[in-house]
Amino acid sequence: MRVFEERGFLHQCSDLAGLDALAVKGPVTGYIGFDCTAPSLHVGSLLQIMMLRWMQRTGHKPIALMGSGTTRVGDPTGKDESRKVLSETEIEANKNGIRQVFDRFLTFGSGPTDALMVDNAEWLTRLNYIDFLREVGRHVSVNQMIQRDSVKLRLDREQHLSFLEFNYMVLQAYDFVELNRRFGCRLQLGGSDQWGNIVAGIDLGRKMDSVELFAFTSPLVTLASGAKMGKTAAGAVWLNAEQVSPYEYWQFWRNTEDADVERFLKLFTELPLDEIARLAALEGAEINDAKKALADEATALLHGRKAAEEASEAARRTFEEGALADALPTITVPAGDLDTGLGVLALFVRAGLMSSNGEARRAIRGGGLRLNDDVITDETATVTADLLRDGVIKLSHGRKKHVLVKPQ
């Protein structure tokens, strides 16, 4: 657990001394659950993934629990309204998308410290309701449940909380018991907002099986500005390359605020702490070297070293040489559309550089949009094939966001 403390992962632990003593005896098996609510995880989940990775790197056994069972219910934590109910087909497709990320961060197998990936649908979908009430429900205190933040906040705000969602905490608690029975799992990790749900699992394990389980939560990551981690003007920073390219991912980390660089180097890279201290001590323009190191290392973990180097080189060529780099994000448009002409506002929206025509219009008035490096001044301009340069058209928002448009 020393690595977790040194690198800033620790927020709360149910019994830190007891967990350390358990770790001394041999590999600890710990898990984090990931519900299948989207086709990819985003940067907001990266802290938890890194915790699993560090578990494995320090000789312990991580479990990535796919929550296709709990996804059918919906976690009310931090929500003011009920989550959309997804079909089984949607959940399965989301699960397949999420699985891709873990192969980058964990080594799976049957060895003592090899990672496991399991799905809680294996046991949750087979539960008999009456048996579950008798065997599990009798150990669960409703008095305690309504005091947990995930429930209490909704009730205090007089927001609707369905009976379906109210059961989520019990199902997550039962996951912990089931993972202990099947794999000897003694530790559940998660964000600090999951503390109540995790503690409910500890209580249930003690009452049902007389076993001591442990909770470990990490701080919720916000930016120095107070903004939420992983959100940009273009939307969420997804971890699958199909949704956010390695270049865009690299740029996300390169644009880190100065005050966040040291913390993010500790949490999201595996650079040694003395090297992080050296980078964090850089001042003035040299802090950009630390940001580039953060971008290189974070991108290499997710997309591989080669992709990180290509993204870094694309950025250098784009910003230092003004060149069109192959690694820049690219969209395709029908060649016929360029023959007839595309409205410049709609094209920037289509490229994901703007969220709406109105935002694009305001950016043009502020001099923030460029086409082939020329500032756009006409909101009604059309983009046609005669603007192709080396087979592409370069769209830019500010100095750091670029997309290439290719005809097909």
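A residue is called buried when its relative accessible area is under 20%, exposed when that area is over 50%, and partly exposed in between, using a 1.4 Å probe and protein chains only. F264 and F268 are both buried in this sense.

The model is predicted, so local features need pLDDT of at least 70 and side-chain atom pairs count only at pLDDT 80 or more, while totals for chains, interfaces and linings use all residues. Residues are numbered from 1 along each chain as its sequence is written, and side-chain values use heavy atoms, with hydrogens and water left out.

Across the whole structure, a search finds 10 aromatic pairs. Rings of Phe, Tyr and Trp (its six-membered ring) pair if their centres lie within 6.5 Å; planes under 30 degrees apart count as stacked, over 60 as edge-to-face and the rest as tilted. The planes of F252 and W253 stand at 75 degrees, with ring centres 5.0 Å apart, so this pair is edge-to-face. F252 and W253 are both buried.

F264 and F268 form another edge-to-face pair, with 5.5 Å from centre to centre and 75 degrees between the planes. Because they are four residues apart in helix α13 (residues 261-268), about one helical turn separates F264 and F268. Helices (H or I, at least four residues) and strands (E, at least two) are DSSP runs, numbered from the N terminus. Ring pairs join F264 and F268 with Y249, F252 and W253 in a cluster.

Elsewhere, S218 lies in strand β6 (residues 214-218). S218 is buried, its relative accessible area being 0%. Leaving aside residues up to four places away in sequence, S218 is in contact (heavy atoms within 4.5 Å) with F9, H11, L47, Q48, M51, G190, G191 and S192.
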